[in-house]
Amino acid sequence: MLVERQSQSGQPLVEFSNQFERDRQSPCRRDLVLGLSMLLLLTWSSSAASGAKLPSATIPTEVRSVLKTYCVACHGPDSQEGEVRLDTLATLEPDARIDLLNKLHEVIRFEQMPPEGEPQPTDAQRQQLEAWIAAAVSSAGPSKLEEKLRRPDYGNRIDHDQLFSGAYAHLKAFTYDRRWLISEYIFDAKFNRILDFKPFLTIDGTRQPVVGYNNRGIILTNPFLLPTNTGVRYYANETLNGGHLLTMITNAKVASTHMFNICRRHKQYLPAIVEIMAREWEHERVLATRETFLRNFIDRVLYDLYQDKHEAFLPTFVPVSVKSTASANGDPTAKAPYHAAILGRDEMILIFHTALKHQKEGDSDEQFLEKCEREWFNFGHDKRNILARTTFLNKYMDEWRADLVKHNYAAKHKPPEYRPLPPDEMQVVAETILRHRARGDRFNAIIDKCMAQWRRQSEQDLTDAGPPHDDLVAALVDQLFVKILERTPEPRELDQYAALTRSYIDEAGNSQAIKKLIETLILRSDFVYRSEFGQSKADEHGRRMLSPRDASYAIAYALTDSSPDPELVQAAADGRLVTRDDYRREVERLLSKRDQYYVIDESVDRSHLTDNFTNMPIRELRFIREFFGYPALLPIFKDNKRFGGDYDTARVRLVSEADRLVESILEQDRQVFERLLTTEEFYVYHSGDNEAMRIAAERIRRIYDHFKDEDWQNFTTNDIRKHQNFIQEVKMRGMGRSPESDVKVLQTVMTSFTLRLDKGQTAAAPYNSFPSHGPFNASTRSGGGLGGVEVAKCFNIQLDNWNYPTTQPAKVEHRKGLLTHPAWLIAHAKNTETDPVIRGKWIREKLLADSVPDVPITVDAVIPEDPHKTLRQRLDAKTGESSCWKCHRKMNPLGLTFEIYDDFGRYRTEERLEYPENLIQKNPDKGAPHVDLRDLYKTLPVDASGYLEGTGDDRLDGKVVDALDLIDRLARSERVRQSIIRHAFRYFMGRNELLSDSKTLIDADQAYLKSGGSFDAVIVSLLTSDSFIYRKAIEK
Amino acid sequence: MLTNRRRFLQQSALGTGALALMPSLGPLVAAPASEGFPRRFVFIRKSNGIRPLEVALPTFSDQEAARDRKKEAMEADLDRHELPTWLQPLESHKQHMTILQGLSCKMSENGHWSYSSVMGAFKSGRNSLSGIKRATIDFELAKLFPSPFGHIELSLTGDYNTFRTGIVAGYSAPGPHQRNYCYADPQTAYNELFKSVVDPGGVDSENQMLAFLQNDETYKAQVLSGYEKLKLSNHIDSLEAIRERNNRVEKMSGTIKEHLPTINKIHADGGPNATTPEKQEAMTAILIAALTTGLTNVVTYTIDELSTPIKGLPGNETDHISIHQVGHNGGYSGVSADAIREKIRIGHIQQVATIIERLKQVPEGKGNLFDNTMILYFPENGEGHHSHGTEAPFVIMAGDNCKLDIAGRYIRLPYHGTEGHKTLGNWYTTLLNAHGNLIEHYGDLDLEMSRKKLPQTGAIRRFIA
């Protein structure tokens, strides 16, 4: 039994509560343990510090006796099972001794040793041994077990029945004051906020702001990536390490430059920067205006200034030599196509502008080219560029001229119109040119000399103006604190950072100093950590409520990845986040918000085959997503041949449609857990818009009905013409290029539509009729093409005989809930076969709140191959031995029930024995989407029977027929419901639950039951619980 | 959890791509190599595939040529054969050369581009971050041989018309879901890598900032205890450690000055007027200096990519060549696509030869720097312009202390999907196993080999010396 206690390092620990209770009753016993630990501390740590070999450690007689009685027979001089020997413990080197004790600590705590069937120590002996080990390992730092118990994978170690028994509901829940390292999602949201990146997406025809697109146009590296395992992943245990900081240094540099540049465009973004930089930027503006003016019109300016003397100042023209297009033997040779030879947009526009100046009626191409070349030469363009341009024009003059017309250069790329600068500026320009121009100077050289003079003058003026005033520096610090850290600086910070800014300015000037200050703030610990500290007066249990500001962030980050919204900020500022009801009001408000769209998974969205967004609070949906872990299929690439089609495009659609299913269940918010586990309705190749799917299917039906009785297979171009009105009316995609092409398109379309409708199907799935790159027959809600139809194969749906349900989710045969969704089944399978062990482990840990030890490193966890046996037979042979079975009994009987599905999630009654010697028929590697391209192999019948134990309910435990039977029982289990709530607790609290959180969990469970299975009610209950609201300081 | 500075150095050695950009990182505590010198690796990625026949030896007997064409496993001593024309710049280094044929790369992406996948042996999902499954092989090797910059990535890529410049997204991956940065033009690479010499003021300024932050965080940590204090202590220790590293790199400035390359002015401002061969030469000079100064032991260099503009190619100086067009068999100015392909490769191999020759001039121990260096020249996308990944020919140049028994040979491994076939994963596992990372298998498995139940994990044992 486990409760919280405080370690020496201040970490919340867990220990046996009955021991805790007894220690409270027996001060002598605690003294004994402390005495033992001090003895060991003195003996071991002094030697460790000196680095010398230790004398033998003292092991108390009673501990030695327990070890000798129960352990040494297997871990002593005669036998060292698992390569562990305990009789020499006292004489081991310090590091080795601590390592061994850490291992021992875990197996003793969790009663994994002595093994079942061997004599067991009494409870008192076990506790005595564990107390001694705990004291010994803590003398060398935090024990490994303490650290492990903070990890998500150790969450189930606390006894489930005790948590929900009510016996501990009187304990006062709290969370320790803490910093919580930001997640990968918060990192993106933070940078998107400070960089003013606000992406939009057109959804159902309306432009909507979207959170979750991170293509900011600058390169930032996200160092705060969450682990890739399934289940709850984001815990408050992590600390920033060197890798994080190094990455953040580069991120800060990149972001500071970008933020500084934003100020040029948006004056209100950071007004203090605009004010500090005003003088400098005005100089830059004036110089840039002069430079642009000269680069565009220097030839005219020079002519105006020098008139008839201008020619004499020009450099001597040296033409470039252009290679002939003939081959070595003098024959004209094929040249690269025009599109492969063009020189890039900017160069093409430059050539066009030059041509406008010099193209004259009657000039030959040679004369025209020479004028162009002469201009580029006078301007001082690089010889290579001139050569490339003249080569290009020489070879492609006709194509180029046609291109100018085709792409309407005259309208799209008008040359700049000459407008002189204001008279005083023209005067400056003229004086400077006259001062610097020398005979033979090319124009670029003249401009460079002028610019150099103006820059010197500008720099001098800025130096004379001096640094910004102190008030302005203070305003800068204040604004950057607000922009980056979302708070004003404290007086001490204001003074410190103002002084720092002034020193940066002294060293590097205004612009560099501002960027450096931005970098400094981004590298502060409070940028990368969330802060959750108690404030105000402590109650009688030493607990304090979260400060209103911290509470506003805790609530916002519980449900989204973004900072608090304006209402939450206002509530904190107005003192309306100080009671449980205040929390409830804000949590309920956020849960009902639907005015913000979120990209669920950017990698799915990027596929352009499907949408992947939601407008419900993203972290609500993400919990279900991560809990079930079906997105883990995304990095799994599978063999198209074994799939029998195009698996890659089906892959992302599977995830997005599982997301859509979850979203629809959460939106209805009734019996959520049960429906997630048992729904028989799924999305299969659907945009999420029933009406759009209905229209798309009807359109196909209409086209099919129109042509089906015609001899379309033998249509000629004349036949097509007779149907032009209809074709235009239904907007048949891909038509209109040419009559011949139209015939082919119609035949392709009708061949495909016939397959979908000629067997009496009620509606046709609106998938693409063309093998690739063709027009789509339906759109996503954001206007893209709907792709990935072969997702249907994972549901055993034949595309050429599918009564396509336009209204979805719709019933699919042989399915029951997310555990039978192909996304979950693939994510919990191997590349080439199913994985009953991992599926069983998932159910054992996620739904039955139980634990399965890690695979011992001495075990070769590979199922032997055998071409004549099913996977089940091979697995049974491997794991049937008693040493394996003690763990596998917890997994195999659960996971094997899913053998009614293969590793692509297809339902089956026969298992294909995919070995070369079992090959019956080789099928083609490529074909239309409706064709099953799999090779045929011998098969054996599937045995998917199993056994359920661990629900704590005799009516549910027992033999099961298959996964569908298993799922039915799990969905009725109280323990399963509570297990999901335990995981929700971890997700929203960022830590494992303790016995002191018992009331929080019971309340959440009751909230679910009383609300008719509302997950929103669970979230409200958790986020208004003492575990969430109350904090306790870590004692020194 | 970070517990001490030494662990910080280990963690940060290659925990992030940002390290490669850090202009001012002190040397890491180098892991001692067996002979006391680190191993160095240069990965040179080229686009448009390498067609297997391009690396076939011209002096093969009819029988050998037939076996080679039929993709049958075979070996030949290079010193008994002539090299293909384009490899002849390496003629005098033939004893260090291996031509490795028959590796497949179907578990990485193929077609036009492979992005990070060819060096990670995974599918990158069209270069999506979530598709990056693991640290790429170059980063894995760099972990074994730490250095101040850990890993450096260079690239010459573009948008068909102009070159990318500055610091841009790279193709290597420091870890899962992480994309490395890379230097996209010689001047930027020069400025960033040799900043301690080129811009010492910048380094001082950064140290000032780090010192301020360290004091500030220390002040905040005073009121904390337990695990929360530890979190800030880690932050403070990290800041201090980076300052120390900056100082140590500053102390290397003498060595850096000694090996500082000269970069032509044409490369200023991203070098818009520099030709492709000029850019390659300048990048090579920087690459060599990065190795000879000891700033890094691992460089990944994308010498071209499908959208890299080819300007100034000898014989086609005035043409603006698209590699993509060449891939579709398009010639320029009367020069066939095959001839242009070969000229591009010759340009690459000349750079490889320069690297070898320059490294051989720098003494190290009883030999020279090249003795401890391995250069791998390979296609990013297998056997052609539109590849399927059935073959990925490698040209490997390895110094005498190379831990592989492959030098001086043309090796063709059994073809994809047949008994004894080896994948990119086997090859990378071989590199890792040979240099101290005893990973069982690096990379994803080949799905066809799996379907055929053919063994495919582990190193190519006979290659390990």
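**Reading contacts, cores and charges**

T432(A) touches C450(A), Q453(A) and W454(A), leaving aside residues up to four places away in sequence. This is a predicted model.

Me: Where does T432(A) lie, and is it buried or exposed?

Reply: T432(A) lies in helix α17 (residues 423-436) of chain A. T432(A) counts as buried because its relative accessibility is 4%, and the cut-off for buried is under 20%.

Me: How do I read the nonpolar core?

Reply: Start with the general idea. In soluble globular proteins, nonpolar side chains tend to be buried together. Now this case. The largest nonpolar core has 123 residues. F628(A), L819(A), I843(A), L847(A), F898(A), F988(A) and F1015(A) touch the most other members. Helix α29 (residues 647-668) of chain A gives the most to this core, with 10 residues.

Me: Which residues does I843(A) touch?

Reply: L819(A), L848(A), L894(A), F898(A), L966(A) and L970(A), not counting residues up to four places away in sequence. Another core, of 64 residues, lies apart from the largest one. Its members include M248(A) and Y269(A).

Me: How do I size up the interface of chain B and chain A?

Reply: The size of an interface is often given as the accessible area lost when the parts come together. Here the area buried between chain B and chain A is about 6600 Å². Carbon and sulfur atoms give 57% of that. On the chain B side, Y227(B), T318(B) and R451(B) lose the most area to chain A, together 11% of what that side buries. In residue terms, 74 residues of chain B are in contact with 85 residues of chain A.

Me: How many salt bridges are there between chain B and chain A?

Reply: Seven. In one of them, K220(B) pairs with D526(A), the closest N and O atoms being 3.7 Å apart. Both residues belong to a network of salt bridges that also includes R524(A), D216(B) and E217(B).

Me: What does the salt bridge of R543(A) and D1026(A) tie together?

Reply: Check the distance, then the positions. The closest N and O atoms of R543(A) and D1026(A) are 3.0 Å apart. R543(A) lies in the loop between β8 (534-535) and β9 (544-546) of chain A and D1026(A) in helix α45 (residues 1026-1029) of chain A, so the pair ties together parts 483 residues apart in sequence. R543(A) and D1026(A) are buried.

Me: Which residue does D932(A) bridge to?

Reply: R934(A), with the closest N and O atoms 2.8 Å apart. D932(A) is partly exposed, at 39% relative accessible area. R934(A) is buried, at 16%.

Technical notes
Residues are numbered from 1 along each chain as its sequence is written. Chains are lettered from A and ligands numbered from 1 in the order in which they are written. This is a predicted model: local features need pLDDT of at least 70, side-chain atom pairs count only at pLDDT 80 or more; totals for chains, interfaces and linings use all residues. Side-chain values use heavy atoms; hydrogens and water are left out. Contact means heavy atoms within 4.5 Å. Buried area is the accessible area (1.4 Å probe) that two parts lose on being put together, summed over both. A salt bridge is a side-chain nitrogen of Lys or Arg within 4 Å of a carboxyl oxygen of Asp or Glu. A nonpolar core is a set of buried Ala, Val, Leu, Ile, Met, Phe, Trp, Tyr and Cys residues joined through side-chain atoms within 4.5 Å. Buried means under 20% relative accessible area, exposed over 50%, partly exposed in between (1.4 Å probe, protein chains only). Helices (H or I, at least four residues) and strands (E, at least two) are DSSP runs, numbered from the N terminus.
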